[in-house]
Structures are given as C-alpha cells and as structure tokens.
Amino acid sequence: MSETPTADATAKKKGWMEGVWNVTGGLITSLAGQKKKPSPAKPVHSGGKKAFWNKRQTRLPGTVKQVRGAQYPPLTTPGSMPVLKQPEWKQQRGSPAAAPDTANNTKNATAENAGQGGAGGAAAAGQATGEAAAPSGARPLPGAVVTGERKGSEGATKREQPESKADKTQGANALSKRAQIFKLINEPTLDVGALRKRAWSGLCPAVRSDAWQLALGYQPANRARRGPTIAKRRREYKDHCQTYYYKDESRFSTAEHKIMHQIRLDTPRTLPGVKLLQQKAVQGLLERILYIWSVRHPASGYVQGINDLVVPFFVVFLAARIGIDTAELKEEHLADAERLEAVEADCFFCLSKLLDGIQDHYTASQPGIQRMVFKLEELIHRLDEPLHAHLKKYDIRFFHFSYRWMNCLLMREVSLPLIIRVWDTYIAEPDGFKVFHIYVCASMLKRFSPALRALEEFQDLIVYLQNLPTSDWTEKDVETLLAQAYVYKYQFEGAENHLH
C-alpha cells in the first residue's frame with residue numbers, strides 16, 4: 001500500500017522546480033538576448049476558432065487604409081498636392097477660448113510662406129488665416145476649394161461645388177479617346193479599321209483633320225510615307241491649276257465655258273449665312289477646286305450641290321493648320337497664301353475621294369440619288385405607316401423634298417458645326433455617304449412625324465419639309481439621330497425583303 005504524499009512534500013517539490021527553472025531558464029534567455037515574455041492567456045471558446053472578440057486590430061482607429069484601385073496612382077503628383085498646416089491650437093472649431101490671434105497668425109503665415117508658388121503656399125496661408133481651420137487630423141474634401149474669411153471668433157468655411165461626376169467622366173473619356181487616336185495615328189502602320197471605330201462616335205478638333213484624311217485614303221497608312229505623299233499631291237494640284245484653270249479662257253471649249261459659268265453662279269450661294277465663305281479668297285478657292293474636278297471627271301461634270309460638299313473639308317483643314325477650333329475661324333486667318341494653297345490641295349483630293357463613292361449621284365439622270373430616294377420611301381412605309389399614308393393623302397412625293405437631302409447630304413438642313421459631327425460618322429461608316437445617309441434621313445423624318453401629321457395642306461407640308469426646325473439642335477440631338485439610324489441600318493440593311 002502506497003503512501004499518500006503530504007501537502008508539505010508537494011509544496012517543497014514545487015518550490016525546488018521553480019528554483020531550477022529560474023536559474024536555467026533565465027540563463028538561456030539572457031544568452032539569447034531576449035526577455036522572458038509571459039504567454040497570454042488563451043481565450044475560452046468552442047469550435048477551435050479564434051473568437052471574434054479577441055481578434056487583434058490590424059490598424060489603429062482613425063487611420064486610413066490605402067486602396068489600390070481606379071484612382072491609384074493619384075491623379076495629382078506629390079509635388080503639386082496642397083500642404084495644409086495644422087493650427088497650433090487643437091480645440092474644436094468655433095470655441096471662443098481656443099481661437100488664436102488672427103492678426104499674428106496672418107503675419108507669421110505670410111512671412112513663412114513668402115515666395116512659395118502653387119497650391120501649397122496658398123493652402124498654408126489660408127490655413128493660418130483661419131480659412132480652412134479644422135480639428136487636428138481632419139482632411140479637406142476631395143476637389144473642394146476652401147475660401148472665405150473668419151468673422152469674429154467663429155470660422156466660416158465655404159467650398160465651391162466640385163465638378164459633377166458625369167462631367168468628370170465625360171472629360172476623362174474625351175481625353176482617353178483623343179490619346180488613343182493620337183496613338184493610332186502615330187503607329188508605324190495605321191490600322192484604318194481601328195481608326196474608323198474610334199471616329200464613329202465623334203472626333204475632337206485636334207485629330208479630326210488627320211483622321212479624315214487617313215480614313216478617306218488621302219494620307220497613306222504608313223507613317224513614314226505620309227510627308228512625301230502629301231508633298232507630292234500638293235505639287236500635282238499646282239500642276240492641275242496651271243493646266244486646267246490658269247489657261248486663257250478664250251481657249252475654253254463650249255462645255256468648259258458652261259461649267260465655269262455655273263460654278264461662278266453657285267459659289268456665292270454656298271452657305272450664304274457663313275461670312276467667312278463669302279470672302280474673295282475663299283470664293284476663288286472653291287471655284288478652282290470645283291472647276292478642276294469637273295474637267296477631270298467628264299462623265300458627271302459639275303452639278304449644283306457639289307459646291308456645298310467642299311465646305312466641311314475647308315473649315316476643318318484650315319482650322320487644323322492654324323491650331324484652333326472651326327468656330328474661331330475669322331477673315332484674318334485667310335491672309336497666309338501658302339497656308340491656303342496647302343488647304344486647297346488637301347480639299348481637292350479629299351473631295352475627289354468622297355465623290356468617287358457617290359459619282360452616280362451626278363451622272364446623267366442621277367440614278368444614285370433616285371435609288372436613295374426610293375429606298376427612303378420604303379423605309380418610312382415600313383417604319384411609320386401613318387406618316388407615309390399622310391404624305392400620300394396630300395400628294396407629297398418623296399422626291400419633292402428628299403432630293404436635296406441626298407444631293408447636298410443635309411448641308412442645308414443642319415448647321416455647319418453639326419454637319420461636321422455627322423461627317424465624323426459618315427467617314428467612319430463603310431459607304432456612309434451612300435448607304436448610312438439614307439437611314440439618317442429616315443430617322444429625321446421619324447423624329448418630325450408628329451408635327452408633319454398635324455399639317456393638312458400641301459403647301460404647309462412642303463414648306464415644313466424644306467425648312468425643318470433644326471436651328472436649336474445641339475450635338476446631343478445629332479448623336480441621338482445617328483444612334484437611331486444605326487439601329488435602322490442594323491434591322492434592314494441587307495434584308496430588303498423586310499421593306500416590302
């Protein structure tokens with residue numbers, strides 16, 4: 001039978017073990033250069049998982065965790081970011097006892113920040129004068145500009161309204177699109193398909209001239225060949241002027257006299273509301289382009305309406321050569337003769353590229369225009385049967401009003417700045433001037449359908465169709481029109497059986 005150990009023996013044994021540990025354990029930890037760390041008490045929980053109430057904080061309260069996402073790296077470089085100085089007093093804003101001497105702080109801040117430029121110095125001085133006084137640790141709202149003055153003992157903070165999210169997104173998209181088009185244009189070999197895709201939704205003035213010339217094929221896709229090719233074609237145009245235009249008119253044939261007579265009648269009628277086009281230099285430029293093209297294309301010759309098609313090329317190319325927007329063009333920009341010569345040659349060849357795709361619009365009987373008018377009537381019959389029946393009831397034929405739409409490509413129905421936007425899409429579209437234009441006309445008729453169906457006189461209908469109320473249109477209206485035309489093209493192009 002074993003003896004039960006007494007309490008004294010147990011206590012004695014425990015004390016001996018602690019003594020041994022104090023000697024050996026302390027020696028080991030001192031040699032390792034570490035202090036003995038007491039092991040924390042383990043939380044009592046079930047399931048073997050760490051209890052959520054005992055989780056350690058990964059960061060201190062009040063600190064900001066960096067988020068790497070769409071806004072990283074920051075849009076503002078560290079050197080240009082404003083530096084806000086914290087006030088020496090750290091009590092809540094508006095406390096009378098906590099407010100420092102405003103005059104002294106203003107003097108100190110001015111002396112300390114003298115010579116500092118940019119946002120940092122201004123922000124620091126504004127903070128010292130109480131313009132942006134805030135408790136320690138507070139941060140200004142992004143995009144807020146702090147203004148105002150301290151009145152009495154209470155701080156008054158006024159912030160300008162930050163730019164709306166939609167405006168920021170639209171501006172960022174425009175900059176991104178322009179950068180993408182610049183990158184495409186500057187590649188060794190241009191992908192014309194990608195350029196057309198980018199141009200469909202509109203181009204900015206900085207890239208429009210080059211984008212049009214590249215998409216039309218006037219400039220080659222190979223970047224190294226563009227300069228020599230353009231120089232060669234401008235020399236060719238000078239030779240054409242000497243060969244066809246500057247010769248003695250007494251040597252003109254009867255047909256050439258007839259062409260020149262009609263051109264001289266039409267050039268003053270070209271968009272008479274645009275003062276820039278009525279200048280003598282521009283009139284001569286239009287006359288040379290139209291005459292040389294007509295003589296070199298005897299199958300069609302000159303037809304009224306072609307003079308309107310030169311205008312978008314002229315204003316876009318001239319504005320690009322000067323480096324301004326088309327709306328800023330003035331008469332004094334016509335003083336440089338060398339610049340006008342280059343613009344004239346570019347307009348001639350781009351007009352030739354455009355008319356090559358629609359030349360049957362201007363041959364005998366104009367079969368191309370007749371096909372387009374007939375297809376427009378079929379589209380309206382399918383899309384808007386009430387409007388089609390209404391026009392037929394009052395004996396309105398589509399040729400009465402849509403001939404001008406097809407011949408002048410809506411140049412007389414929509415303002416020039418909006419026509420330039422429309423041409424961005426036409427040039428980007430395959431057969432944009434020949435096929436897509438029909439769907440744009442159908443979309444326009446559909447838009448004015450309620451107003452047209454409210455008119456019940458032949459004369460009223462004709463006058464309305466020939467003078468559509470588009471004077472207050474904006475670019476948004478045109479883009480809506482183009483989007484609807486694209487839907488119609490997707491539905492009916494290549495499926496003509498749906499039109500019957």
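## Helix 8 and its surroundings

The buried residues of helix 8 pack against helix 7, helix 9 and helix 10, where contact means heavy atoms within 4.5 Å. The model is a predicted one, in which local features need pLDDT of at least 70 and side-chain atom pairs count only at pLDDT 80 or more, while totals for chains, interfaces and linings use all residues. Residues are numbered from 1 along each chain as its sequence is written, and side-chain values use heavy atoms, with hydrogens and water left out. Helices are DSSP runs (H or I, at least four residues), as strands are (E, at least two), numbered from the N terminus.

Helix 8 consists of 13 residues and spans 19 Å from first to last C-alpha, close to the expected 18 Å; the expected span is 1.5 Å times one less than the number of residues. Its buried residues are Glu256, Ile259, Met260, Ile263 and Asp266, buried being under 20% relative accessible area, exposed over 50% and partly exposed in between (1.4 Å probe, protein chains only). These five residues cover an arc of only 130° around the axis, which puts them on the same side of helix 8; the arc is that of the directions from the helix axis to the C-beta atoms. An α-helix has 3.6 residues a turn, so residues three or four places apart point the same way. Thr254, Lys258 and His261 are exposed on the other side of helix 8.

## Salt bridges

Side chains of opposite charge can pair when their charged atoms come close. The whole structure contains 16 salt bridges, each a side-chain nitrogen of Lys or Arg within 4 Å of a carboxyl oxygen of Asp or Glu. In one of them, Glu249 meets Arg264 at 2.7 Å, N to O. Glu249 is in the loop between helix 7 and helix 8 and Arg264 in helix 8, so this pair ties together parts 15 residues apart in sequence. Glu249 is partly exposed at 32% relative accessibility, and Arg264 is partly exposed at 37%. A network of salt bridges links Glu249, Arg264 and Glu287.

Another salt bridge joins Glu341 and Lys238, with 3.8 Å between the closest N and O atoms. Glu341 belongs to helix 11 (residues 337-356) and Lys238 to helix 7, so the pair ties together parts 103 residues apart in sequence. Glu341 is partly exposed, with a relative accessible area of 42%. Between Lys489 and Glu429 the closest N and O atoms are 2.6 Å apart.

## Aromatic pairs

Rings of Phe, Tyr and Trp (its six-membered ring) pair if their centres lie within 6.5 Å; planes under 30 degrees apart count as stacked, over 60 as edge-to-face and the rest as tilted. The count by this rule is 20 aromatic pairs. Trp212 and Trp423 form a tilted pair, 6.1 Å centre to centre with 40° between the planes. This pair links distant parts of the chain, with Trp212 in helix 6 (residues 205-216) and Trp423 in helix 15 (residues 416-428), 211 residues apart. Trp212 and Trp423 are both buried.

The pair of Phe252 and Tyr291 is stacked, because the ring centres are 5.5 Å apart and the planes are at 20°. Phe252 is in the loop between helix 7 (223-245) and helix 8 (254-266) and Tyr291 in helix 9 (residues 280-296), so the pair ties together parts 39 residues apart in sequence. Phe252 and Tyr291 are buried. Ring pairs also link a cluster of Trp200, Trp212, Phe313, Phe317, Trp423, Tyr426, Phe433, Phe436 and Tyr486.

## Nonpolar core

The largest nonpolar core has 113 residues, and Phe313, Phe314, Trp423 and Leu445 have the most contacts inside it. Such a core is a set of buried Ala, Val, Leu, Ile, Met, Phe, Trp, Tyr and Cys residues joined through side-chain atoms within 4.5 Å. Helix 10 (residues 306-322) gives the most to this core, with eleven residues. Not counting residues up to four places away in sequence, Phe313 touches Trp212, Leu216, Cys347, Cys350, Leu351, Leu354 and Trp423.

## Positive phi in loops

Leu271 is not a glycine, yet has a positive phi of about 45°. Leu271 lies in the loop between helix 8 and helix 9 and is buried at 14% relative accessibility. Gln366, also not a glycine, has a positive phi of about 50°. Gln366 is in the loop between helix 11 and helix 12 (367-383) and is buried, with a relative accessible area of 17%.
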